[in-house]
Amino acid sequence: MGTGRILPTNGIARAGGGRGPAGLRQVAPGTAGAEPVGGGGRSARRFPLGRCRSAAMRPPARAALGLLLGLLLGLPREASPKPTPCKRCRELVDKFNQGMVDTAKKNFGGGNTAWEEKSLSKYESSEVRLLEIVEGLCGSSDFECNRLVEEHEEQLEAWWLRLKKEHPDLFEWFCVKTLKVCCSPGTYGPDCLACQGGSERPCSGNGRCSGDGSREGDGSCQCHPGYRGALCTDCVDGYFSALRNETHSVCTACDESCKLCTGPSSRDCTECQAGWAPEDGACVDVDECAAETPPCSAQQFCQNVGGSFQCEECDPTCVGCTGKGPGQCKECIAGYTKESGQCADVDECSLPEKPCLRKHENCYNTPGSYVCVCPEGFEETEDACVQAPQPAGEEVTEETPTQPPSREDL
């Protein structure tokens with residue numbers, strides 16, 4: 001900047017704080033209270049804010065080197081949309097405003113408050129506070145933000161010191177009128193023309209103006225759901241006009257049974273939606289599941305819903321069904337039988353006629369079926385389970401095992 005914080009030549013602040021000659025409080029540079037004493041005849045030197053900003057705001061050499069190596073080696077980088085100049089400016093202003101909030105309650109803190117208010121420039125509008133705000137605007141790796149601050153710090157300082165009272169809205173003064181990268185709300189394009197429907201209520205309040213608040217777009221309306229037309233004042237199918245006058249238009253959704261309507265109920269339909277039919281002055285749901293030809297397959301059951309139907313799968317134990325679960329089966333699949341109104345597994349191993357016929361063979365029931373296996377220590381042959389040969393020297397005794405194998409072994 002062309003101007004900067006003023007440092008007095010006598011009584012210069014020293015690190016560590018304290019009170020100097022004549023009771024003047026001395027504080028560390030860059031802290032609240034380091035603001036110069038007002039008065040005539042003093043000599044001073046000025047430092048541009050760009051020089052005062054912390055070195056931490058500059059990109060670290062290691063990070064810059066890593067970025068350079070990445071570019072040289074052609075490492076893949078995710079492409080991200082580049083923010084528009086208006087968005088960059090708006091983000092900077094938002095951070096500046098937040099900095100004003102964060103520093104709003106700071107004061108010189110201690111000592112003779114009456115003397116400070118009389119003799120020192122008020123911290124509220126001081127260059128010290130401005131410097132603290134600017135210090136926090138950009139991260140060290142945010143190159144675009146740092147560049148924007150360095151290019152326009154003179155304008156920011158001028159607004160802070162001289163123009164803030166006359167132009168309290170920093171966004172309007174800085175982004176719209178000074179840099180001319182944004183427009184005021186309700187306007188668009190290079191010349192900040194009024195959006196369709198006027199800048200006060202663009203698109204009649206029922207849509208978004210293309211380019212609103214930026215130097216881009218064509219000002220056309222992108223209507224909210226339920227609205228259409230150049231100014232978003234007309235209702236689309238499925239909505240009716242609940243209010244319409246010279247300044248406002250309100251569209252409200254019809255009943256779900258209506259394709260077109262004049263009011264909110266099913267009796268206000270002028271045309272029914274698909275899956276609904278007129279009956280006694282209203283649109284009523286058509287029960288597709290009651291049709292003579294069932295709409296679902298043999299292994300599905302039909303469930304009626306408003307304006308349509310759904311086909312749900314039968315329980316795996318069913319051969320055809322009328323609803324959900326094993327209790328709604330028309331018939332049972334092989335291995336299951338009806339018990340207490342629902343399909344239950346048949347335990348083939350407990351039937352009088354045993355299914356496993358080989359000698360020493362065990363039967364084990366499974367859902368819907370069974371398995372025949374030889375017990376441990378026995379080997380399968382075509383017509384029996386025979387005991388496996390024993391190691392030499394051991395006495396061979398015939399065993400008749402009765403324990404079936406565990407479920408995990410099957």
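Before the strands, a reminder to myself: two strands pair if DSSP finds at least two bridges between them. I am working from a predicted model.

**Entry 1: a hairpin**

I looked up strand S21 (residues 362-366) and strand S22 (residues 369-373), and they pair in the antiparallel sense over five bridges. I then asked myself which residue of S22 is the bridge partner of Tyr364. I found Val371 there. Next I checked the turn: the hairpin of S21 and S22 has two residues between the strands, and Gly368 takes a positive phi near 80°. I also jotted down a rule for reading such pictures: in a regular strand the side chains alternate between the two faces of the sheet.

**Entry 2: aromatic rings**

How many aromatic pairs does the structure hold? I noted three. I took Phe96 and Trp159 to begin with: their ring centres are 5.9 Å apart and their planes stand at 80°, so I wrote the pair down as edge-to-face, since planes over 60 degrees apart count as such. Phe96 lies in helix H3 (residues 85-102) and Trp159 in helix H6 (residues 143-163), so this pair ties together parts that are 63 residues apart in sequence. Are Phe96 and Trp159 buried or exposed? I find both of them buried.

Then I turned to Trp173 and Phe174, whose ring centres are 6.4 Å apart with planes at 20°, so this pair is stacked. Trp173 and Phe174 are both buried too.

I also traced a cluster, in which ring pairs link Phe96, Trp159 and Trp160. While at Trp160 I saw that Lys164 lies over the face of its ring, at 3.5 Å from the ring centre.

**Entry 3: two helices**

My next stop was H3 again, now with helix H7 (residues 170-178). Two packed helices are described by the angle between their axes and the distance between the axes. For H3 and H7, I read that the axes come within 10 Å and cross at roughly 155°. That angle is over 145 degrees, so H3 is roughly antiparallel to H7.

**Entry 4: one glutamine**

Where does Gln390 sit? I located Gln390 in the segment after strand S24 (385-387). Gln390 has a relative accessible area of 33%, so I logged this residue as partly exposed. Last, I compared Gln390 with Gly377: they are 13 residues apart in sequence, and 9.5 Å apart in space, C-alpha to C-alpha.

Methods. Residues numbered from 1 in each chain as written. Predicted model: local features only at pLDDT ≥ 70, side-chain atom pairs only at ≥ 80, totals over all residues. Heavy atoms only, no water. Phe/Tyr/Trp six-rings, centres within 6.5 Å; stacked < 30°, edge-to-face > 60°. Helix = DSSP H or I, 4+ residues; strand = E, 2+ residues; numbered from the N terminus. Buried < 20%, exposed > 50% of the residue type's maximum accessible area, 1.4 Å probe, protein only. Lys NZ or Arg CZ within 6 Å of the ring centre and 35° of its normal. Axes fitted to C-alpha atoms, helices over the stretch in contact; angles between N-to-C directions. Parallel < 35°, antiparallel > 145°, perpendicular 65-115°, else oblique.
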